[in-house]
Amino acid sequence: MLQIFHNTNFDFMGRRKFAYLFSATLIVLSTVSLVLHGGPRLGIDFTGGTLMQVRFAQTAPMSDIRSAVDEAGFTGTELQAINNTNDIMIRIHQREAGADPFGRVNLALQKKFPGNKVTLLRQENVGPKIGKELGTKAMQAICFSLGMILIYIAIRYEWKFALGAVLALAHDVYITLGLISIFDKEFTLTVMAALLTIAGYSNNDTIVVLDRIRERAKVLRREALAHVINLSVNETLSRTVITSLTVTLAVLALFLFGGEVIHDFSFAMLVGVVFGTYSSVYVASALALDITLMRMKDTTVASGGKKAPAKG
């Protein structure tokens with residue numbers, strides 16, 4: 001198997017307090033941004049609006065199309081070119097849609113591009129009620145997936161690992177959501193799909209590390225748990241870095257060259273993969289260690305100090 005690192009001996013657990021501080025800082029910044037923006041900026045998938053697909057007889061610059069749509073009174077509208085054709089997808093928010101949105105857009109486009117015929121291929125309206133239902137189901141999907149992961153890891157491992165793994169997943173999803181808010185990107189169904197994908201990716205990465213910790217803990221029963229975790233993380237480091245680097249490069253290519261259609265999806269994936277890798281080392285494992293140390297400390301106090309505390 002390809003190895004990048006050989007016989008590494010990094011003291012990951014010895015520096016876990018710096019990781020906690022780093023994560024806490026990102027969580028605070030995410031919370032501040034979400035509070036200041038009144039939550040994530042929801043797309044028309046959740047707020048309702050109008051989606052139109054139009055076809056130009058001749059190719060038109062996207063910047064000029066956006067300018068014409070703005071002049072029609074639909075500022076902040078999403079525009080997407082479809083498959084290198086003259087077809088353009090226009091998403092108008094519910095609060096701006098009003099009556100006959102295509103009539104207003106078409107008038108502005110004909111004024112901007114005289115002689116370039118614009119044909120309406122399809123028009124769909126998403127009502128605010130449907131958008132609210134989608135938002136509720138999206139939150140239910142995230143909570144359900146985290147709950148199932150918690151049950152799965154609790155059955156396969158110990159509960160302290162399950163708790164650390166689920167907190168790590170929540171950490172990744174929340175920070176990704178916070179960065180989406182900080183960079184003022186819309187929260188759409190595609191971003192929602194990205195968050196669920198991140199949860200799956202991060203969980204898979206965490207499971208690999210936990211498996212190695214479980215194997216080593218059986219062999220090195222007399223060793224301190226911090227040493228066992230450090231040894232396990234170092235042994236899986238090459239696999240973690242190679243997997244993450246491969247996924248990151250693929251997602252980075254989508255982010256840079258994938259176009260507007262998947263830009264927000266690839267942004268969320270890019271952030272999620274980076275923090276998913278970080279959390280599998282520093283959040284899930286470190287939390288499992290500290291939960292164990294706290295339990296052993298409580299046991300020692302309860303038994304009147306007869307049991308020696310474990311080494312951190």
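**Exercise 1. Determine which share of the contacts in the chain with a separation of 6 or more comes from residues 24 or more positions apart.**

Solution. Residues 24 or more positions apart account for 76% of these contacts in the chain, a contact being heavy atoms within 4.5 Å. The model is predicted: local features need pLDDT of at least 70 and side-chain atom pairs count only at pLDDT 80 or more, while totals for chains, interfaces and linings use all residues. Residues are numbered from 1 along each chain as its sequence is written, and side-chain values use heavy atoms, with hydrogens and water left out.

Turning to composition, the chain has twelve helices and six strands; these are DSSP runs numbered from the N terminus, helices being H or I of at least four residues and strands E of at least two. Of the 312 residues, 45% are buried, where buried means under 20% relative accessible area, exposed over 50% and partly exposed in between, with a 1.4 Å probe and protein chains only.

**Exercise 2. Explain why the buried residues of H3 line one face of the helix.**

Solution. 
1. The buried residues of H3 are Ile65, Ala68 and Val69.
2. Viewed down the axis of H3, these residues fall within an arc of 100 degrees, so they line one face; the arc is that of the directions from the helix axis to the C-beta atoms.
3. An α-helix has 3.6 residues a turn, so residues three or four places apart point the same way.
4. The buried residues of H3 pack against S2, S3, S4 and H5, whereas Ser63 and Glu71, on the other side of H3, are exposed.
5. After H3 comes Gly73, with a positive phi near 100 degrees.

**Exercise 3. Identify the residues of the largest nonpolar core that touch the most other members, and the element that gives the most to this core.**

Solution. 
1. A nonpolar core is a set of buried Ala, Val, Leu, Ile, Met, Phe, Trp, Tyr and Cys residues joined through side-chain atoms within 4.5 Å.
2. Among the 56 residues of the largest core, Phe12, Met13, Ile153, Phe187, Leu210 and Phe275 touch the most other members.
3. Elements giving two or more residues to this core include helix H1 (16–36), helix H7 (159–182) and helix H11 (263–282). H7 gives the most, with eleven residues.
4. Leaving aside neighbours within four places in sequence, Phe275 is in contact with Phe22, Leu26, His171, Asp172, Ile175 and Leu179.
5. A second, separate core of 19 residues includes Met52, Val54, Ile65 and Leu79.

**Exercise 4. Decide whether Asp205 is buried or exposed, and list what Asp205 touches.**

Solution. 
1. Asp205 is found in helix H8.
2. With a relative accessible area of 1%, Asp205 is buried.
3. Not counting residues up to four places away in sequence, Asp205 touches Arg239, Thr240, Ser244, Gly276, Thr277 and Ser280.
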